[in-house]
Amino acid sequence: MDLRAELTPPSVSQQRLDTLCCEIERIADLVTSRSASADEAIRAFNARMGHDYVALDFAEYDASRSLVEFATEAARPARPRVAEITRNELVEMVHRIRTGCPETDYYLRLLEANAPHPRVSDLIFHPRAELRDATAEQIVDELLAYRPIAL
């Protein structure tokens, strides 16, 4: 299934990636050298990019992703909200995540921002026993069935 444009990962120009890679490396150097200006650099980066990165994200990003992957994530919205997502679109996103498409991280953030369930990634990657062999449709039904408990 094709997803509408609002649900596809925004492209990031090579120039933007290059700029962000330099900034991420600069902040990583500040963090690892325990510079007093590291916290301010992270705050400024987060304010510009709309994310909530912490020092550890910069110090150890290369343990789980490349510099370009980190820069791409930073360039895209942290919590991409999209109006009127359909069940079929949610199913397609879960399917893409489960098949390991290159944009898995973006689709996971998109689901987390638009589904009512507080533990989207757990349902997909670490489901409880009765959902271990669930289809993408069953995962989405579980996501949509969630209702918060009023306190």
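Visitor: Which residues in helix 5 meet helix 6, and which residues in helix 6 do they meet?

Guide: The model is a predicted one. In it, helix 5 covers residues 87-98 and helix 6 covers residues 104-114. On the helix 5 side the contact is made by Leu90, Met93, Val94, Arg96 and Ile97, and on the helix 6 side by Thr104, Tyr107, Leu108, Leu110 and Leu111.

Visitor: How many nonpolar, polar and charged residues are in the contact of helix 5 with helix 6?

Guide: Leu90 and Met93 of helix 5 are among the residues that meet helix 6, and so is Arg96. By class, the contact has eight nonpolar residues, one polar residue and one charged residue.

Visitor: At what angle do the axes of helix 5 and helix 6 cross?

Guide: Two packed helices are described by the distance between their axes and the angle between them. For helix 5 and helix 6, the crossing is left-handed. Their axes come within 9 Å, and the crossing angle is roughly 145°.

Visitor: How many residues of helix 6 are buried?

Guide: The buried residues of helix 6 are Thr104, Tyr106, Tyr107, Leu108, Arg109, Leu110, Leu111, Ala113 and Asn114. Helix 6 is largely enclosed by the rest of the structure, because the buried count is nine of its 11 residues.

Visitor: What covers the buried residues of helix 6?

Guide: Tyr107 and Leu108 are among the residues of helix 6 that are buried, and they also take part in the contact with helix 5. The cover over the buried residues of helix 6 includes helix 4, helix 5, helix 7 (120-125) and helix 8 (136-145).

Visitor: Is Arg96 buried or exposed?

Guide: Arg96 is found in helix 5. Its relative accessible area is 18%, and the cut-off for a buried residue is under 20%. Arg96 is therefore buried.

Visitor: Where does Arg65 lie, and is Arg65 buried or exposed?

Guide: Arg65 is in the loop between helix 3 (55-59) and helix 4 (67-75). Its relative accessible area is 18%, so Arg65 is buried.

Visitor: Which side chain makes a polar contact with the side chain of Arg65?

Guide: Not counting residues up to four places away in sequence, Arg65 touches Tyr53, Phe70 and Glu73. The polar contact, at 2.8 Å, joins the side chain of Arg65 to the side chain of Glu73.

Visitor: Is Ser64 buried or exposed?

Guide: Ser64 is found in the loop between helix 3 and helix 4. Its C-alpha atom is separated by 17 Å from that of Ile97, which is 33 residues away along the chain. The relative accessible area of Ser64 is 64%, so this residue is exposed.

Visitor: What is the phi of Arg34?

Guide: Most residues other than glycine have a negative phi. Arg34 is found in the loop between helix 1 (14-32) and helix 2 (38-49), and counts as exposed at 77% relative accessibility. Although Arg34 is not a glycine, its phi is positive, at about 55°.

Visitor: Where is Glu84 found?

Guide: Glu84 is exposed, with a relative accessible area of 72%. Its phi is near 55°, a positive value in a residue other than glycine. Glu84 is in the loop between helix 4 and helix 5.

Visitor: How many disulfides does the count come to?

Guide: Cys101 is another buried cysteine, at 18% relative accessibility. By the 2.5 Å rule, the count of disulfides is zero.

Visitor: How many helices and strands are in the protein chain?

Guide: The C-alpha atoms of the protein chain fill a box of roughly 50 × 35 × 30 Å, and buried residues make up 43% of its 151 residues. From the N terminus on, the elements run α-α-α-α-α-α-α-α. The chain has eight helices and zero strands.

Conventions:
Residues are numbered from 1 along each chain as its sequence is written. This is a predicted model: local features need pLDDT of at least 70, side-chain atom pairs count only at pLDDT 80 or more; totals for chains, interfaces and linings use all residues. Side-chain values use heavy atoms; hydrogens and water are left out. Buried means under 20% relative accessible area, exposed over 50%, partly exposed in between (1.4 Å probe, protein chains only). Axes are lines fitted to C-alpha atoms, for helices over the stretch in contact, and angles run from 0 to 180 degrees between N-to-C directions. Helices (H or I, at least four residues) and strands (E, at least two) are DSSP runs, numbered from the N terminus. A crossing is left-handed if the near helix is turned anticlockwise from the far one by less than a right angle, and right-handed if clockwise. Contact means heavy atoms within 4.5 Å. Ala, Val, Leu, Ile, Met, Phe, Trp, Tyr, Cys and Pro count as nonpolar, Asp, Glu, Lys and Arg as charged, and the others, Gly among them, as polar. A polar contact is a pair of N or O atoms within 3.5 Å; within protein, one must be able to donate a hydrogen and the other to accept it, and residues adjacent in sequence count only if both atoms are side-chain atoms.
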